[in-house]
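Here are my notes on the model you sent over. I have kept them as numbered points so that you can follow along in the viewer.

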Amino acid sequence: MDSADIAGKLPHGVRSAGYQTKGARIAGALFTGVWLLYLVGAVAYLFSHHYSPLYIAGGLAIIVAFSVIYVVLVPNWPTGGRYTLPGLAALALLAVTGCVFYGATGLVALWIFMSSACGLLVPDRRRAVQAVVGCIAGYVIFSVTTHVHGTDFLSNLLPVLFIGFAMIGLRRQFQLTAELAGAREEVAQLAASEERLRLARDMHDLTGQSLSVITLKSELAARLLGRLPESAERDRVRDEIDQVASVSRQTLRDIREAISGYRRPTLAVEIITARAALASAGIAARDDANLTLLSGTFDPDTEAALAWCLREAVTNVVRHSGAKNCYISLAHQSGSMSLTVRDDGKGHSPSDGCGTEPPGTGPLAHPPGGRVTGTGLHGMGERLSAVGGSLELRPDTRPGFSLVATAPATPQTPATPVSDVTSSRA
Ligand SMILES: Nc1ncnc2c1ncn2[C@@H]1O[C@H](COP(=O)(O)OP(=O)(O)OP(=O)(O)O)[C@@H](O)[C@H]1O
Ligand SMILES: [Mg+2]
């Protein structure tokens, strides 16, 4: 997810950090509802004049409907939901209706709450500012047209002005905190990966060479012993030396296996390399926070296959696409993980050798009778089928080229801390 997206949405994993539990939601609703006590003035005004019961009931209905929508809607900040915009529209409609029919009775105060709801709930900052300015305009217009008293006008103008902008600031603050939490998580994962690589290098350098020498020397000793005159003693010594050779060979194999496990590529590390590769080619990387946040949460073999695909797909974008932007995302749905790499470059041209269906005939599944000719894409398909996954190419994405690598993924507990790995292997 790029920073432009983050301005609108919160990074995955921290997006519901507001009111997650039932208790927190109730507390949120109460905290929001408390502010509505300010509408008591408007209610009192309705009763303190000799209005007809119908007129009073109408005013009360507007205040109650407004309060209910407000209390349901506002605690959903900062993420909002699909009812946010219709909800805000309903609030605006009630505020306008209230002002048209009851303006001078104090219903203009509804614009204070409108302004606060817009500041908190409108995701795009520019739109939020426009919405708050709209509330201020609404308040001023209705105050003037319904002849609100000068002091009342000024005493409500300040809250309408400041609360909306203060809420936009609060929302931004929350987003920055969430981004910071995401960045911290990313840094921690990178540090763990770096530590794994260091361990792998050290294990390889410290033990690999000595074990190879032990194996060679014991094999040589066994051969030299074979030249000595036959005796029971000689055979015994030779057996012992053979065992030394076989134990050191086995240990070397085990160490290599462990090292290759540590060196298994991960999405969290691969996305950093991808960003650097794209940046050096002048292509903007628009990547999803999930690549870091979901890395290490599902089977390492599946993740390794997807990480290899990411590497190859990005190399292809750099080499073949001529794109300006590359969009990379990772989605988890119904037991599988899908990596999408899409660019806005020239897309596939048949002369490039990537065989495909004519444009418009839909996605090209891999491997469809050898249509895809490059080694890179073949390799991707093979790695994915090894873990039960598949590769789908959309070479005629308009504009550009896109690729979706999908593989079954079973959730895993977060990666074992490096200290645990070392102690359990000691
Ligand atoms: N992002 C892309 N934009 C445009 N064309 C692409 C893109 N990715 C792949 N292609 C086309 O698909 C072909 C096959 O890609 P593939 O990675 O299999 O091979 P390659 O990159 O040519 O060589 P290599 O074996 O070194 O990877 C490419 O030659 C290119 O024509
Ligand atoms: Mg390639």
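1. Of the contacts in the protein chain with a separation of 6 or more, 73% are between residues 24 or more positions apart. Please keep in mind throughout that this is a predicted model. The protein chain holds 14 helices and six strands, and 32% of its 426 residues count as buried.

2. Let me start with the pair H4 and H5. Helix H4 covers residues 53–73 and helix H5 covers residues 84–102; their axes lie 10 Å apart at an angle of about 155°. Angles over 145 degrees count as roughly antiparallel, so that is how H4 and H5 run relative to each other. Their crossing is left-handed.

3. What does each helix bring to the contact between H4 and H5? From H4 come Gly-58, Gly-59, Ile-62, Ala-65, Phe-66, Ile-69, Tyr-70 and Leu-73. H5 meets them with Thr-84, Gly-87, Ala-90, Leu-91, Leu-94, Thr-97, Gly-98, Phe-101 and Tyr-102. Sorted by class, this contact has 11 nonpolar and six polar residues, with no charged ones.

4. Ala-95 deserves a look of its own, and its place is in helix H5. Is Ala-95 buried or exposed? A residue is buried if 20 or more other C-beta atoms lie within 10 Å of its own; Ala-95 has 25 such neighbours, so it counts as buried. Leaving aside residues up to four places away in sequence, Ala-95 touches Leu-110, Trp-111, Met-114 and Gly-138.

5. Next come H6 and H7. Helix H6 (residues 110–121) packs on helix H7 (residues 125–145) at an angle of about 175°, and 8 Å separates the two axes. The two helices are therefore roughly antiparallel. On the H6 side the contact uses Trp-111, Met-114, Ser-115, Cys-118 and Gly-119, while H7 supplies Ala-128, Ala-131, Val-132, Cys-135, Ile-136, Gly-138 and Tyr-139. Nine of these residues are nonpolar, three are polar and none is charged. Trp-111, Met-114 and Gly-138 take part here, and each of them also touches Ala-95.

6. For another arrangement, turn to helix H10 (residues 267–280) and helix H12 (residues 300–321), which pack at about 5° with their axes 9 Å apart. An angle under 35 degrees counts as roughly parallel, and H10 and H12 are therefore described that way. H10 contributes Leu-267, Glu-270, Ile-271, Ala-274, Ala-277 and Leu-278. Its partner H12 contributes Glu-303, Leu-306, Ala-307, Leu-310, Arg-311, Val-314, Val-317 and Val-318. Here the division by class is 11 nonpolar, no polar and three charged.

7. Finally, the strands. Which strands are joined to E6 by bridges? Strand E3 (residues 336–343) runs antiparallel to strand E6 (residues 402–408), with seven bridges between them. Within that pairing, Arg-342 has Ser-402 in E6 as its bridge partner. Strand E5 (residues 390–394) is also antiparallel to E6 and is joined to it by five bridges; here Ser-390 stands opposite Thr-406 of E6.

Key
Residues numbered from 1 in each chain as written. Chains lettered and ligands numbered in written order. Predicted model: local features only at pLDDT ≥ 70, side-chain atom pairs only at ≥ 80, totals over all residues. Pairing = 2+ DSSP bridges. Helix = DSSP H or I, 4+ residues; strand = E, 2+ residues; numbered from the N terminus. Axes fitted to C-alpha atoms, helices over the stretch in contact; angles between N-to-C directions. Parallel < 35°, antiparallel > 145°, perpendicular 65-115°, else oblique. Contact = placed C-beta atoms within 7 Å. Nonpolar A, V, L, I, M, F, W, Y, C, P; charged D, E, K, R; others polar. Left-handed = near helix turned anticlockwise from the far one by under 90°. Buried ≥ 20, exposed ≤ 12 C-beta atoms within 10 Å, placed from the backbone.
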